[in-house]
Amino acid sequence: MTDPAAPLDGPPVRGDGEVVSVAVSCPRCAGPVREPDLMHGEYRCLRCGPVPPLYVPEHIGAEIMASVVERVAAEADPAGQPGVPLWCPWPLPTGWTLTGVAWVGDDRSGVRATAVACAGPAPLDGGPADLLFVAEEPGVGLGSRLAGLPGPDPGPEVAEALSDPGPGHPERVPHAKIRVGGHPTPLWLVNSPTDRSAYAGEARGMWLHAIAWPASAGHLLAEEVVLHDLTEWTPPELVYGAPSPYLHGRA
């Protein structure tokens, strides 16, 4: 088990004591970050300035997931308020596997965002598809970068979707309705690049992003998708697949 007091900017450790390789980058642009030094008390990206760092384990499996879950859960408010969730579809769609996990934060800022990736057959043609779920505090920018949006937050895109319901819709009808932590949650389609479809909404007072590759894989969100917080309980039946390329800089 991982020491709950382990630093957020330290690498996860497997149950056998072996250190897991972790990639560190800027959540907003995926560029390199500099560690704090005598002149600067925070991590810095040459392009984006001060940022909390993004950590992505190079591999994924039950022990790595348990290590990440433990360190993210350790950041929950001692007064009982939940911390940043690790949203994962559960049950996973048929034929799908969990392909990655990541977190944003350091000992100074705490956990500011998390991401969970999964992959499987696309709902329309059965080809390969990838789906990422990001939970983040305002201003982090990880979800917007993965969705291909300008700026650190999807607020302008969501505001546009709310103000313009589209032809034939007299009311503001969400583009996807999923259940998040047991609650019906609307998601709004945002203007992402054509190689993906991206949705944004709010859950537990934080931004929730759902990004799918290819764009047609977004039809998964029209089905009965239920998101579960892995920091509350990690199903032992989770199946793990090859690491997601989208968490490792492809997007």
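User: What order do the strands have in the open sheet of eleven strands?
Analyst: The order is S1-S5-S7-S8-S9-S13-S12-S11-S10-S14-S6, and the pairing is mixed. Strands here are DSSP E runs of at least two residues and helices are H or I runs of at least four, numbered from the N terminus. Two strands pair if DSSP finds at least two bridges between them. This is a predicted model, in which local features need pLDDT of at least 70 and side-chain atom pairs count only at pLDDT 80 or more, while totals for chains, interfaces and linings use all residues. Residues are numbered from 1 along each chain as its sequence is written, and side-chain values use heavy atoms, with hydrogens and water left out.

User: Which are the edge strands?
Analyst: Strand S1 (22–25) and S6, each of which pairs on one side only.

User: How many bridges between S1 and S5?
Analyst: Four, in the antiparallel sense, with S5 covering residues 54–57. Val24 has Tyr55 in S5 as its bridge partner.

User: And what does H1 lie across?
Analyst: H1 lies across S5, S7 and S8, and runs at about 35 degrees to S7. Axes are lines fitted to C-alpha atoms, for helices over the stretch in contact, and angles run from 0 to 180 degrees between N-to-C directions. Helix H3 (residues 155–163) also packs on the sheet, touching strand S11 (183–190), S12 and S13, and its direction makes about 100 degrees with that of S11. Contact means heavy atoms within 4.5 Å.

User: Switching to the three-strand sheet. What is its order?
Analyst: S2-S3-S4, an open sheet with antiparallel pairing. Strand S2 (33–34) and strand S4 (49–50) are at the edges with a single partner strand each, so one side of each has no neighbour in the sheet. Strand S3 (residues 44–45) is joined to S4 by two bridges, and Cys45 has Gly49 as its bridge partner in S4.

User: How many disulfides?
Analyst: Zero in the whole structure, where a disulfide is a pair of cysteine sulfur atoms within 2.5 Å.

User: Is Cys88 buried or exposed?
Analyst: Cys88 is buried, at 1% relative accessibility. Cys48 is partly exposed at 25%. Buried means under 20% relative accessible area, exposed over 50%, and partly exposed in between, with a 1.4 Å probe and protein chains only.

User: Which residues touch the most other members of the largest nonpolar core?
Analyst: Trp87, Leu98, Ile178, Leu208, Leu221, Leu227 and Leu230, out of 46 residues. Another core, of 26 residues, lies apart from it and includes Ala117 and Trp188. A nonpolar core is a set of buried Ala, Val, Leu, Ile, Met, Phe, Trp, Tyr and Cys residues joined through side-chain atoms within 4.5 Å.

User: What does Trp87 touch?
Analyst: Leaving out residues up to four places away in sequence, its contacts include Val116, Phe133, Leu208, Leu227 and Asp229.

User: Where is Asp229 found?
Analyst: In strand S14 (residues 226–229). Asp229 is buried, at 2% relative accessibility.

User: Which side chains make polar contacts with the side chain of Asp229?
Analyst: Those of Arg204, at 2.9 Å, and Thr231, also at 2.9 Å. A polar contact is a pair of N or O atoms within 3.5 Å; within protein, one must be able to donate a hydrogen and the other to accept it, and residues adjacent in sequence count only if both atoms are side-chain atoms.
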